[in-house]
Amino acid sequence: MCFGLGQPGPLAALRKLFGGGASSNKRMGLFVSVPDLSEFQKRKLLHEFTTFFDINKDGVLEWKDFDMARQRICHLSGWKEGSEKFIKTQELFIEIWRRLQDEGDKNLDGRISAEEWLSMWQKFHRENVAEQKNKVDTENKIPDWLQRYVEYKFNLYDRTGDGVIDTEEFEYVLSDFGVSSKDARTCYLLFSNNHEKKVDLDYFKTLSAEYYRSDDPSALGNFITGKLDFEQGKSQATNKN
């Protein structure tokens, strides 16, 4: 693992869980005072782009990526074509794609590149910095389209539908995205505070906001994708805005 000087990673988070350091119940600070996304934030956003959005791995987001994701969740859940949940899932993905396209498809070509993806997040970040200066609380704010996506992702993890994500469910779903069982279990241990924190929808939304917004490498929300570290180095796509 490689983190910048003064930037604690998973080991620091583990120390907070099992002794020493700040309380594990303390919310991690979000990076809202500087107008530009940090390299750390860009690496997280690009990881989300390549792992969970760009399903066919062609470097751009299109409707077919969302349709493939829709098919995946329906297959994993056993929802047959024409069933109520199948239809609702299709409607949800169409809505998410349309909203994302409105915000991210800068050149209106029906696709969202990695550069456009980062540009969209940079714009959102700057808007929140401006609101923060006006004393508006934007700590947990994420784009409207992402609110629906986070709810979808929670339901994807919650295989039994009991309103809580457990270790086995988290590990099972992430294995479909190439995440090892060991990494998935370690990440779950971190953000669940050694199984003491119930991972319900409200807490998952908080963790998601941290993942998309936080510049703190030890923020617990960083681990909800099953990735333990985000290596240093230049982002593959650079936001020039």
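**Entry 1: E62 and K64**

I looked up the E62–K64 pair in this predicted model and found their side chains joined in a salt bridge at 3.6 Å, N to O. I count a salt bridge when a side-chain nitrogen of Lys or Arg lies within 4 Å of a carboxyl oxygen of Asp or Glu. E62 has 18% relative accessibility and is therefore buried, whereas K64 is partly exposed at 41%. Here buried means under 20% relative accessible area, exposed over 50%, and partly exposed in between, with a 1.4 Å probe and protein chains only.

Working conditions: residues are numbered from 1 along each chain as its sequence is written, and side-chain values use heavy atoms, without hydrogens or water. As the model is predicted, local features need pLDDT of at least 70 and side-chain atom pairs count only at pLDDT 80 or more, while totals for chains, interfaces and linings use all residues.

**Entry 2: other salt bridges**

I noted 14 salt bridges in the structure. R70 and D67 form one of them, at 2.8 Å, N to O. These two residues are 3 apart in helix α3, so about one helical turn separates them. Both R70 and D67 are buried. Helices are DSSP runs of H or I with at least four residues, numbered from the N terminus.

E95 pairs with R99, with the closest N and O atoms 3.0 Å apart. They sit 4 residues apart in helix α4, so the separation is again about one helical turn. E95 is partly exposed at 23%, and R99 is partly exposed at 34%. Shared partners join E95, R99 and R148 into one salt-bridge network.

**Entry 3: the core around W145**

I then looked up the largest nonpolar core, which has 58 residues. Such a core is a set of buried Ala, Val, Leu, Ile, Met, Phe, Trp, Tyr and Cys residues joined through side-chain atoms within 4.5 Å. F53, L100, W117, W121 and W145 touch the most other members. Elements giving two or more residues include α2 (39-53), α4 (84-104) and α5 (114-133). The most comes from α6, with 8 residues.

Which residues does W145 touch, leaving out those up to four places away in sequence? I listed F53, I96, R99, L100, E103, W117, M120 and W121. Contact means heavy atoms within 4.5 Å.

**Entry 4: α2 against α9**

I found α2 and α9 packed at about 115°, with axes 8 Å apart. Axes are lines fitted to C-alpha atoms over the stretch in contact, and angles run from 0 to 180 degrees between N-to-C directions. On the α2 side the contact includes H47, E48 and F53; α9 gives E210, Y211, Y212 and R213.
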